[in-house]
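Please open the structure in your viewer and keep the selection tool at hand.

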Amino acid sequence: MQYWLMKSEPSTFGIDDLAQAPRRRSHWDGVRNYQVRNMIRDDMKQGDLAFFYHSSCERPGIYGIARIVREAYPDSTAFDRRHAHFDPKSDSAAPTWYMVDVELVTRFATPISLEKLKANAPALDDLIVVKRGNRLSITPVTATQWRKVNALA
DNA sequence: GCCAACGTTGGC
DNA sequence: GCCAACGTTGGC
């Protein structure tokens, strides 16, 4: 059982979208980075929990918790010529890109802003998302970090 | 809108 | 295999 942090732009897909999805479940598609691909394909397991982070928005921060309900399977949007995430190099016989399914667990009554996460240094210094220049849309979170962030919520 | 940071691409 | 150019991300 591992912990994660999953980033998304709320203008594209935010925690409200997940809350309104049927059974509060959705694909997490569009991963087009090899490091992230490897993590979701090789390390992410059913039952893992993840912080739902909003980026590129007015108040970046952690808005709630989601659970991995389906492990990695081929990301069909990579094969869809009309899709924004279409990847002509991806072969359906040997898929390059994978996605998982997530289910909303909790929406925080008060989101934990990036500002607040940073204010809790050094305890959360190593939380990858607060690091400058981090561009990975999914990052691992240690059990200690998980506990500390939850204590802030 | 700016810009730093980073991943990817492609010429050599 | 190197590395400059380019595109993207994401906070501010």
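**First stop: DNA strand B**

Select DNA strand B: of its atoms within 4 Å of the protein, 75% belong to sugar or phosphate, and the rest belong to bases. Before continuing, note that this is a predicted model, in which local features need pLDDT of at least 70 and side-chain atom pairs count only at pLDDT 80 or more, while totals for chains, interfaces and linings use all residues. Residues are numbered from 1 along each chain as its sequence is written, chains are lettered from A and ligands numbered from 1 in the order in which they are written, and side-chain values use heavy atoms, with hydrogens and water left out.

Now display the residues around DNA strand B, namely N33, Y34, Q35, K89, R132, G133 and R135. A residue is near a strand if one of its heavy atoms lies within 4 Å of it. By class, this surface has one nonpolar, three polar and three charged residues. Here Ala, Val, Leu, Ile, Met, Phe, Trp, Tyr, Cys and Pro count as nonpolar, Asp, Glu, Lys and Arg as charged, and the others, Gly among them, as polar. Centre the view on Q35: a polar side-chain atom of Q35 lies 3.4 Å from a phosphate oxygen of DNA strand B. This is a polar contact (a pair of N or O atoms within 3.5 Å).

**Second stop: DNA strand C**

Select DNA strand C next, together with the residues that surround it: K7, Y53, S55, S56, P60, L114, K118, N134 and R135. Sugar and phosphate account for 81% of the atoms of DNA strand C that come within 4 Å of the protein. The nearby surface has three nonpolar, three polar and three charged residues.

For S56 it is a backbone N or O atom, at 2.9 Å.

A pocket is found on a 1 Å grid over the protein atoms alone, as an open set of points where a 1.4 Å probe fits, with protein on both sides within 12 Å along at least five of seven lines; lining residues have an atom within 4 Å of a point. About 600 Å³ of space lies in the largest pocket, a volume being the space filled by probe spheres set on the grid points, which are joined across faces, edges and corners.

Colour β1 (3-8), α1 (10-13) and β2 (25-28), the elements that give two or more residues to this lining. Helices (H or I, at least four residues) and strands (E, at least two) are DSSP runs, numbered from the N terminus. The largest share, three residues, comes from β2. By class, the lining has five nonpolar, 10 polar and five charged residues.

**Last stop: aromatic pairs**

The structure holds six aromatic pairs. Rings of Phe, Tyr and Trp (its six-membered ring) pair if their centres lie within 6.5 Å; planes under 30 degrees apart count as stacked, over 60 as edge-to-face and the rest as tilted.

Select F13 and W28, an edge-to-face pair with 6.4 Å centre to centre and 85° between the planes. F13 belongs to helix α1 and W28 to strand β2, 15 residues apart. W28 counts as buried, at 7% relative accessibility, where buried means under 20% relative accessible area (1.4 Å probe, protein chains only).

Finally, select F51 and W146, a stacked pair with 3.9 Å between centres and 20° between planes. F51 lies in strand β3 (residues 49-54) and W146 in helix α5 (residues 143-152), 95 residues apart. F51 is buried, with a relative accessible area of 0%, and W146 is buried at 9%.

Technical notes
A polar contact is a pair of N or O atoms within 3.5 Å; within protein, one must be able to donate a hydrogen and the other to accept it, and residues adjacent in sequence count only if both atoms are side-chain atoms. Buried means under 20% relative accessible area, exposed over 50%, partly exposed in between (1.4 Å probe, protein chains only).
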